[in-house]
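Student: I would like a close look at one part of this model. Please take me through it step by step.

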Amino acid sequence: GDLTVKFVIDPKGAVSEVTIDAAKTRILDDGVQKCVMNVIKAMKFPESPRGFETRASYPFNFHPKNAPSGKP
């Protein structure tokens with residue numbers, strides 16, 4: 001399923017905001033959403049050389065481990 005996360009990186013490279021983009025997300029399990037959000041919150045990015053914050057959006061696509069491959 002699809003899970004799209006929007007986040008803001010402050011000028012020092014720390015993630016200051018994380019949200020789920022509900023319009024682009026099909027995984028509604030709260031545990032999965034929180035897990036992904038916690039990983040992103042813990043990430044550290046390089047500092048902005050010009051002192052700007054950065055807004056980002058990243059789509060994840062998860063596949064079940066035992067999903068059929070479509071091959072006979």
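Student: Leaving aside its neighbours within four places in sequence, which residues is Q33 in contact with?

Tutor: Leaving those neighbours aside, Q33 is in contact with L3, I20, T25, I27 and L28. Contact here means heavy atoms within 4.5 Å.

A word on the source. This is a predicted model, where local features need pLDDT of at least 70 and side-chain atom pairs count only at pLDDT 80 or more, while totals for chains, interfaces and linings use all residues. Residues are numbered from 1 along each chain as its sequence is written, and side-chain values use heavy atoms, with hydrogens and water left out.

Now the residue itself. Q33 is buried, because its relative accessible area is 15% (buried is under 20%, exposed over 50%, partly exposed in between, with a 1.4 Å probe and protein chains only). Q33 belongs to helix α1. Helices are DSSP runs of H or I with at least four residues, strands are runs of E with at least two, and both are numbered from the N terminus.

Look at the whole helix. α1 covers residues 30–41, 12 residues in all. From first C-alpha to last, α1 reaches 16 Å, close to the 16 Å expected at 1.5 Å a residue. That expected span is 1.5 Å times one less than the number of residues. At the N-terminal end, D29 is the cap. A side-chain oxygen of D29 lies 2.9 Å from the backbone nitrogen of G31.

Next, the inward side. The buried residues of α1 are Q33, V36, M37 and I40. They sit on the same side of α1, because they cover an arc of only 100° around the axis. The arc is taken from the directions from the helix axis to the C-beta atoms. An α-helix has 3.6 residues a turn, so residues three or four places apart point the same way.

What does that side meet? The buried residues of α1 pack against β1 (2–9), β2 (15–20) and β3 (54–61). β1 is mostly covered, with 6 of its 8 residues buried. β1 pairs with β3 in the antiparallel sense over 8 bridges, and with β2 in the antiparallel sense over 5 bridges. Pairing requires at least two DSSP bridges between the strands. L3, one of the contacts of Q33, has F60 as its bridge partner in β3. I20, another of those contacts, is the bridge partner of V5.

Technical notes: Polar contact = N/O pair within 3.5 Å; in protein donor to acceptor, adjacent residues only side chain to side chain.
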